[in-house]
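Open the structure in your viewer and keep the selection tool handy. We'll go from stop to stop, and at each one you'll hear what to select and what is there.

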Amino acid sequence: MAIEIKKLVKKYDTNVLDDFSFSFPDKGVVCLLGKSGCGKTTLINCIAGLEKTDGGSIEGTQNSKISFVFQEDRLIPWISAKRNLLVVNDDETLCNDILDKMGLSEHSSKLPEELSGGMRQRVAIARAVAYGGDMIFLDEPFKGIDVKTKSAVIDAVKDLVKDKLCIFITHDLEEAMLLSDVIVILDGPPLKVKAVTEKEKTDMAYLLSVMNETN
């Protein structure tokens, strides 16, 4: 189901969202690309119901199961990487397959404290996929993952989330180009859309020029 956001308002000291409206498709990877602090995380937290809004409406998430990858890994520290997946899905074969695609098979029995930061983040991504949400939200999911590994992880994510709506936050242009189907360039606060482009019809130079535009 597509997500329709109408005149959304979220206030802190200032309005982070001020009559913000946008329509998400029912499937595909939509990247929210913008500088840190513009309101991207607030938006997806509101969509996922993690934060209460101060006005407007969100349609299309009712009765939907949402998987979420936060900026922090939020793993359960006293159980293994594999057990972190089994907590949300008891299909051991599926969990093993997801860990393998994330390059973590050899580390599945380790506790989070025995893993590097990048490995923990990969486990968090794997857990979100294992949860099997109708929609998956990724908030800067590749932080701490080394460049060499990141490309393989992005390929795995693309395969694992196909046929679902995936909303993906980043301020990294390369990540946006590698993972997304549609790129939404944002600015703020308050959050506003500067441009929407299909990945196949754009390039890094265009993304950079739009992000650097001043109003």
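Is Glu 174 buried, partly exposed or exposed? Select it: at 48% relative accessibility, Glu 174 counts as partly exposed. Here buried means under 20% relative accessible area, exposed means over 50%, and partly exposed is in between, with a 1.4 Å probe and protein chains only.

Before moving on, a word on what's on your screen: this is a predicted model, in which local features need pLDDT of at least 70 and side-chain atom pairs count only at pLDDT 80 or more, while totals for chains, interfaces and linings use all residues. Residues are numbered from 1 along each chain as its sequence is written, and side-chain values use heavy atoms, with hydrogens and water left out.

Stay with Glu 174 for a moment. It sits in helix H6, residues 173-179. Helices (H or I, at least four residues) and strands (E, at least two) are DSSP runs, numbered from the N terminus.

**Into the core**

Next, select Met 102, Phe 142 and Val 157. In the largest nonpolar core, which has 43 residues, these three touch the most other members. A nonpolar core is a set of buried Ala, Val, Leu, Ile, Met, Phe, Trp, Tyr and Cys residues joined through side-chain atoms within 4.5 Å. Helix H4 (residues 117-131) is the top contributor to this core, giving eight residues.

Zoom in on Val 157. What is it in contact with, leaving aside its neighbours within four places in sequence? Look for Met 102, Ile 125, Leu 138, Phe 142 and Leu 179; contact means heavy atoms within 4.5 Å. Then pick Leu 8, Leu 43, Cys 46 and Ile 169, which are included in a second, separate core of 24 residues.

**Two helices together**

Show H4 again, this time with helix H3 (residues 92-101). They pack at an angle of about 140°, and their axes are 10 Å apart. The axes are lines fitted to C-alpha atoms, for helices over the stretch in contact, with angles running from 0 to 180 degrees between N-to-C directions. To see who meets whom, select Cys 95, Ile 98 and Leu 99 in H3, which meet Ala 126, Val 129 and Ala 130 in H4.

**Cysteines**

Keep Cys 95 selected. It is buried, with a relative accessible area of 0%. There are zero disulfides in the structure; a disulfide is a pair of cysteine sulfur atoms within 2.5 Å. Cys 166 is in no disulfide either, as the nearest cysteine sulfur, that of Cys 31, is 9.5 Å away.

**Loops to finish**

Most residues other than glycine have a negative phi, and most peptide bonds are trans. With that in mind, select Asn 63, in the loop between strand S4 (55-59) and strand S5 (66-69). Its phi is positive, near 65°, and at 82% relative accessibility Asn 63 is exposed.

Glu 140 has a positive phi too, near 45°. This residue lies in the loop between strand S6 (135-139) and helix H5 (147-160), and is buried, with a relative accessible area of 11%.

Last stop: the loop between strand S8 (182-187) and strand S9 (192-198), where you'll find Pro 189. A cis peptide bond with omega of about 0° joins Gly 188 and Pro 189. The bond from Pro 189 to Pro 190 is cis as well, with omega near -10°.
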